[in-house]
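Got a minute to go through some labels and where they come from? Let's take them one at a time.

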Amino acid sequence: MIRFGFNQFGDAHVFEAITADRPTPKPGQVLLQVLGFGMNPYDVTLRTGAQAEMRPMTFPIVPGTDVVGRVVELGEGVTDFAEGDIVMNYRPIGGYSEYVVASTSKIYKKPTALSYLDAATLPQVGITAYNILHYLLDAQAGETIAIEGAAGGVGSVLVQLAKFMKLNVIATASSQHDTELRQLGADQIGAYDKEDVGAKFENQADYVVNAVHNGADHGAGVAMVKPTGKYVSVAYQTPDLSTKPNVSFAQVGPSKDYSTHDAFAFLVDAAVKWGLTVRVAQSFPFTVEGVISAQEALENHPDGKIVVMQDKHVIKPVRKDVNHL
Ligand SMILES: NC(=O)c1ccc[n+]([C@@H]2O[C@H](COP(=O)([O-])OP(=O)(O)OC[C@H]3O[C@@H](n4cnc5c(N)ncnc54)[C@H](OP(=O)(O)O)[C@@H]3O)[C@@H](O)[C@H]2O)c1
């Protein structure tokens, strides 16, 4: 089988097709034929070596936390899945591959309510959003949450989930995303490339979630949060809360605080009952050339998630300058 990985750090062209033996599922695991895998900013940090000091790994490194796949073999003792099941998988690494093994606690059956593209891209951003919701469990209907980077992977899922919780949502993003934010259900919108969103929504948010790439919000989140509110960041960054010392702060990721199974169950419920979707920008072919192009697209500030799919699932981007009637 083929895996897409690299033997040195660098730009997207370090990716190569690496031949490997097909893995065998251990007891409690299944073998998945990967139908598609989603990409995340984290994968780029693996490729560039930005994580090398914090998380040393041996080459070849094969990224990939998000997979949709078909169960093709059952390990000993597996009774709750059958060959042919289509499942989502959230994993630490290794998803850019034709086959992966996965513990049954890390997979969940794909409902028909989620497309294959959604299922390939939901795991990391969805589980992160789920963990944020747990931190905000005391949030009451009618309270206000400000979501920065609301058109991004984590942000756009969170806007939908916050509306399901009947929160008042302030969504901030660059101005090109205005329509999408309204379609996601945002109540108020701030365009941080056109206006000072910190001043516009000063002290209005009971909760602020900073989901901007690398947490770069230039202080807007601190301005928006109420003096006794909560501030959550998904990036590895700590805000300067010296002007609001009573604001509580937490950094939240797709950690092990809550089980992957419970997170998937919640997200699938949200998809089936409420129509939760993922914004997919573009899918690429399941080839090394496809992976290189996908990584380049990922670094080019895409308008949604980037995914690599087996042949019949590849979609082309819609040209923005064409009026589709
Ligand atoms: N701690 C964890 O385990 C964990 C888990 C998931 C994500 N994260 C981190 O959380 C952040 C958000 O993740 P995500 O997957 O939602 O990211 P994303 O979709 O790539 O980015 C979120 C938003 O950031 C804004 N942005 C500003 N400058 C950007 C730039 N130079 N390149 C790309 N986007 C830029 C974009 O909004 P506009 O177009 O509106 O400007 C984008 O929609 C990332 O830093 C990611 O690494 C951490």
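Q: Before we start, what does "buried" mean here?
A: Buried means under 20% relative accessible area, and exposed means over 50%. Keep in mind that this is a predicted model.

Q: Why is Val 100 called buried?
A: Its relative accessible area is 3%, and the cut-off for buried is under 20%, so Val 100 counts as buried. Val 100 sits in strand β6 (residues 99-103). Leaving out neighbours within four places in sequence, Val 100 is in contact with residues including Pro 23, Val 30, Leu 31, Asn 89 and Arg 91.

Q: What makes Asn 214 exposed?
A: Exposed starts over 50%, and Asn 214 comes out at 61% relative accessibility, so exposed is the label. You'll find Asn 214 in the loop between β11 (205-210) and α6 (220-224). Asn 214 also has a positive phi of about 60°, although it is not a glycine.

Q: And His 301, why is that one exposed?
A: The reasoning goes by the cut-off of over 50%: His 301 has a relative accessible area of 63%, so it is exposed. His 301 is in the loop between α8 and β15 (305-309), with phi near 55°, a positive value in a residue other than glycine.

Q: What makes α2 roughly perpendicular to α7?
A: Here the axes of α2 and helix α7 (residues 260-274) cross at roughly 95° and come within 9 Å. That angle belongs to the 65 to 115 range, so roughly perpendicular is the call. On the α2 side the contacts include Pro 123, Ile 127 and Tyr 130, and on the α7 side Ala 263, Phe 264 and Phe 266.

Q: How do you know that the largest nonpolar core lies between domain 1 and domain 2?
A: The largest nonpolar core has 52 residues, and Ile 145 and Leu 181 have the most contacts inside it. Its largest share, 10 residues, comes from helix α2 (residues 116-135). Domain 1 (2-114 + 277-313) and domain 2 (126-251) both give residues to this core, so the core lies between them. Another core, of 34 residues, lies apart from it, with Ala 12, Phe 81, Ala 297 and Leu 298 among its members.

Q: Which residues does Ile 145 touch?
A: Not counting residues up to four places away in sequence, Ile 145 touches Leu 136, Ala 162, Leu 167, Asn 168, Val 169, Ile 170, Tyr 207 and Val 209.

Q: How far apart are the C-alpha centres of domain 1 and domain 2?
A: They lie 29 Å apart. The contact takes seven residues from domain 1 and 10 residues from domain 2.

Q: Which residues of α1 are buried, and what do they pack against?
A: In helix α1 (residues 41-48), Tyr 42, Asp 43, Val 44, Leu 46 and Arg 47 are buried. The buried residues of α1 pack against β3 (29-38), α2 and α8 (288-298).

How values were computed: Residues numbered from 1 in each chain as written. Predicted model: local features only at pLDDT ≥ 70, side-chain atom pairs only at ≥ 80, totals over all residues. Heavy atoms only, no water. Core = buried A, V, L, I, M, F, W, Y, C linked by side-chain atoms within 4.5 Å. Buried < 20%, exposed > 50% of the residue type's maximum accessible area, 1.4 Å probe, protein only. Helix = DSSP H or I, 4+ residues; strand = E, 2+ residues; numbered from the N terminus. Domains from an automatic or database assignment. Contact = heavy atoms within 4.5 Å. Axes fitted to C-alpha atoms, helices over the stretch in contact; angles between N-to-C directions. Parallel < 35°, antiparallel > 145°, perpendicular 65-115°, else oblique.
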